[in-house]
Amino acid sequence: MDNSNPSSSSKLPRYPESMWRATEELPQFESLRGTVEADVAVIGGGITGITAAYLLSKQGLKVVLAEAGRLLDGTTGHTTAKITAQHGMIYDKLLQHFGKEQAKQYFDANDEALKWMTQIVAELGIDCGLETQDAYIYADNDADLKQLHTEWKAYQTIGIPGEWTDKLPLDGLSEKGAIKLPGQAQFHPLQYLKKLLAEAQRHGLKVYENTTASGKVKEDDNGRLQVETEAGGTISCSWAVSASHFPFTDGGGFFFSRLHAMRSYIVAVEPEKPFPGGMYISAGSTVRSLRSAQLGDKRVVLVGGDNHKTGQGIPMLQHFEALEQFGDSLLGAKSIPYRWSAQDLVTLDEVPYIGPITGKHPNLLIATGYNKWGMTTGTLAALIVNDLVANGQSKHLELFKPSRFKADPSLKTFVAQNANVAGELISGKLDAPSRTPDSLEPDEGAVVKVKGKRAGAYRDSQGALHVVDTTCTHMGCECRWNSGDRSWDCPCHGSRFGYDGTVLEGPATQPLKQLEVEQG
């Protein structure tokens, strides 16, 4: 497949592809058929699921891991892979809404996850390009500088071992100021998790791919959970863990109304100028993130950002173009070998939900809402899950428990997010497209009119037409075309579908309906 960009003005590859996925071959596994017995069922094959499976199987427990698609093909396979407790502008918010003790606990918990990861890399001798780096959050204008000073005061109040600096190692990025957090890290996430997976299998882990949990979890007469799959299989278990990004089952938690999905973008730039090291993220709402990585015999810089709510951004390719322009102006771009995007879930108060779904289901655990910082929080979630299964308790449960509700800011965010969903639902139903499928050029997608009704169409590079009903199979919102990833994205709850209607990301589990049209 030719992945060069037909436009001479852009170095962007024509098609998105994660550099991590492209540079590490992963094993493949069969789908689940029939019924399997386990002590613990782990649903989801990203960093949380694989790390939890490793920890639990190492205890001697019988663990089954089920993934709806391919392992590490979701957010973990599309991350920037920064291992850090510096989670953007979070600590002043935590101080205001959770108090000093829990704000400090948030830092300590993520710092523990970072240290556990570096320790396990050394212990297992994992060759994953792990490098210790200083992390920086910087301001590039006066308004953001004022907010950054407030964040720095929170660091000092909480006791976070950061440093204020007026000068960054990377010239041209900012002269306003930054908070430095030493001793953070970066790595190749798939090389790391591939080794953890192999170790878990050595301890007896059973893995199934292309196995979608249906959302139905029953309890038998013996108190064991029965996790059913879309294909009719069942995992019979004492504990079930939802590590599936969006929870595979709601369990009375109403997570569709308490989570929203955000997309962000990454381009891998081969720089003309030397990169001094360090990991960087901007303090303002227009996010820019930088870190280096090894690609074969050369270094590239991963330029990320341009976050927006799923299905609600500008024409998606423009987000990649904005990052290309930023990287080129800062470092010069010899080439851009890869571009890709990621989806992250955000909770009402920006702290992940980790623990029992509700008090009624103490053995049904979830881990979600990592707010773009899944390397530490995903690992932390696995450590909490391991503690809960082994000991029935975790020192971090009170902070992260899914049933919590902080009136400030959760109530305000809840109202705003669900008003946004209602607005998107109504506007999608009122949309009256004027285009027809026949008007599409090769490699173009759009909302079109088919027999007087709204539909979605994409004409691939060979000229074949793919037409679907754009009504999301989760809760009926109308999906929008994502030109950057060639997908149909739901603006209400973040479900994503391929151009042929196949499910790419939940909460939807059923594909978009394919439509037959007569071509002129």
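**Entry 1: strand β7**

I started at E163, which stands opposite K180 in β7. I am working on a predicted model, where local features need pLDDT of at least 70, side-chain atom pairs count only at pLDDT 80 or more, and totals for chains, interfaces and linings use all residues. Residues are numbered from 1 along each chain as its sequence is written, and side-chain values use heavy atoms, with hydrogens and water left out.

I then looked up the partners of β7. Strand β6 (residues 163-165) pairs with β7 in the antiparallel sense over three bridges. Here strands are DSSP runs of E, at least two residues, and helices are runs of H or I, at least four residues, numbered from the N terminus. Two strands pair if DSSP finds at least two bridges between them. Strand β5 (residues 131-139) runs antiparallel to β7 and is joined to β7 by eight bridges. I noted I137 there, with I179 as its bridge partner in β7. Strand β4 (residues 82-83) is also antiparallel to β7, with two bridges. K82 stands opposite Q186 in β7.

I checked cover next. Eight of the ten residues of β7 (residues 177-186) are buried. Buried means under 20% relative accessible area, exposed over 50%, partly exposed in between (1.4 Å probe, protein chains only).

**Entry 2: L290**

L290 has 0% relative accessibility, so I count L290 as buried. Leaving out residues up to four places away in sequence, I found that L290 touches K82, L170, F275 and V303, among others. Contact means heavy atoms within 4.5 Å.

**Entry 3: H396**

I located H396 in the loop between α8 (374-391) and α9 (397-400). H396 is buried, at a relative accessible area of 6%. Its contacts, without residues up to four places away in sequence, are Q105, A109, E112, L380 and I384.

**Entry 4: cysteines**

How many disulfides does a search of the whole structure find? I got one. The cut-off is a pair of cysteine sulfur atoms within 2.5 Å. C477 and C492 form the disulfide, with sulfur atoms 2.0 Å apart. The torsion about their S-S bond is about -90°, so the disulfide is left-handed. Both C477 and C492 are buried.

C472 is buried, at 3% relative accessible area. C479 is in no disulfide, and the nearest cysteine sulfur, that of C472, is 4.8 Å away. C479 is buried, at 0%.
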